[in-house]
Amino acid sequence: VLAELIEKFVSHLSESRTERYFSTGSYKAMESDVKKENLSSVQQLGVEMTVRYGKYLNLLKEDAENGLFFVLMNCEEFLKQQRRTVVSSLCCLQEHSAGYDWFASSIFLMMSGDREKTLMFLQQFSCLLVSAFLWLPRLHLSMHLPVTTVEYGIHPVYFCSAHHVEMLLKAELPLVCSAFHMSGFTPSQICLQWITQCFWNYMDWSEICHYIAICIFLGPDYQIYMCISVFRHLQQDILKHTEA
């Protein structure tokens, strides 16, 4: 039901001129070139983990692996059309891929392994502003960013969402903020990890679905509130570890 709801919501928004933040051009899904070998070893490992998790949740069937390859390869080709060519010594900018695509994998599971529905959703979703914050590969080397921002190799989620989490943490949870300060480890680092992985390995599947849906329905600032609420939930554990 949630998958159908976000699908209709995004489809409706993507047809509205005022909501279309990014131009996406036209893209037609490819079938013939999709092979396992086209993915990096990291992506292949991610596919195995995703399919294993999907089967554990009873969301995927036996042939799901090929469907996920299809989605990831087409996402890569689709996003490649909107990338800049940047000459840089930074490792993260020398690679065409932005690592494993956890958001696309999450949508694939939400759509119960339907590759056509997943790809259609992601293409429509990519024109909305919230896609910049939920779908991190969306802005990897993107022509939608200023050249200087791309050359720094720092994703907008880090200097927007994660930065605002730190600002709010000082006001809302000063003890947690102090604990991080004493550890020499910043809250923004762990937030970036959570957001990049769509909270996989941190929250239950139903909570991951709610996180994605809330940010789509209510706006990308709810990504910040979600991180703050997780820190609030973990406050006693964080303080206990700090004392120890």
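F125 touches V10, F103, V130, S131, L134, W135 and I216, leaving aside residues up to four places away in sequence. This is a predicted model, and the contacts of F125 are read from its atoms.

The core draws at least three residues from domain 1 (1-143) and at least three from domain 2 (155-243). In soluble globular proteins, nonpolar side chains tend to be buried together.

Some nonpolar residues are found on the surface instead. I214, L218, Y222 and Y225 form a nonpolar patch there, with about 350 Å² of accessible area together. Two elements, α12 (205-218) and α13 (221-233), each give two or more residues to this patch. Is Y225 buried, exposed or partly exposed? Its relative accessible area is 39%, so Y225 counts as partly exposed, because that class runs between 20% and 50%.

Now turn to the charged side chains. Side chains of opposite charge can pair when their charged atoms come close. How many salt bridges does a search of the whole structure find? The search finds 5.

One of them joins E7 and K117, whose closest N and O atoms are 3.8 Å apart. E7 is in helix α1 (residues 2-14) and K117 is in helix α6 (residues 115-125), so this pair links distant parts of the chain, 110 residues apart. E7 is partly exposed at 21% relative accessibility, and K117 is partly exposed at 35%.

E116 forms a salt bridge with R115, and here the closest N and O atoms are 3.1 Å apart. E116 has a relative accessible area of 47%, which makes it partly exposed. R115 is partly exposed as well, at 23%.

R232 and E172 also meet through their side chains in a salt bridge, with 3.1 Å from N to O. Why does this pair tie together parts that are 60 residues apart in sequence? The reason is that R232 lies in helix α13, whereas E172 lies in helix α9 (residues 156-172). Relative accessibility is 42% for R232, which counts as partly exposed. For E172 the value is 41%, and this residue is partly exposed too.

Terms used: Residues are numbered from 1 along each chain as its sequence is written. This is a predicted model: local features need pLDDT of at least 70, side-chain atom pairs count only at pLDDT 80 or more; totals for chains, interfaces and linings use all residues. Side-chain values use heavy atoms; hydrogens and water are left out. Domain bounds come from an automatic or database domain assignment. Contact means heavy atoms within 4.5 Å. Patches are made of residues with over 30% relative accessible area and no salt bridge: like charges are joined within 9 Å, nonpolar side chains (Val, Leu, Ile, Met, Phe, Trp, Tyr) within 5 Å. Accessible areas come from the Shrake-Rupley method with a 1.4 Å probe; for residues, only the protein chains shown count as cover. A salt bridge is a side-chain nitrogen of Lys or Arg within 4 Å of a carboxyl oxygen of Asp or Glu. Helices (H or I, at least four residues) and strands (E, at least two) are DSSP runs, numbered from the N terminus. Buried means under 20% relative accessible area, exposed over 50%, partly exposed in between (1.4 Å probe, protein chains only).
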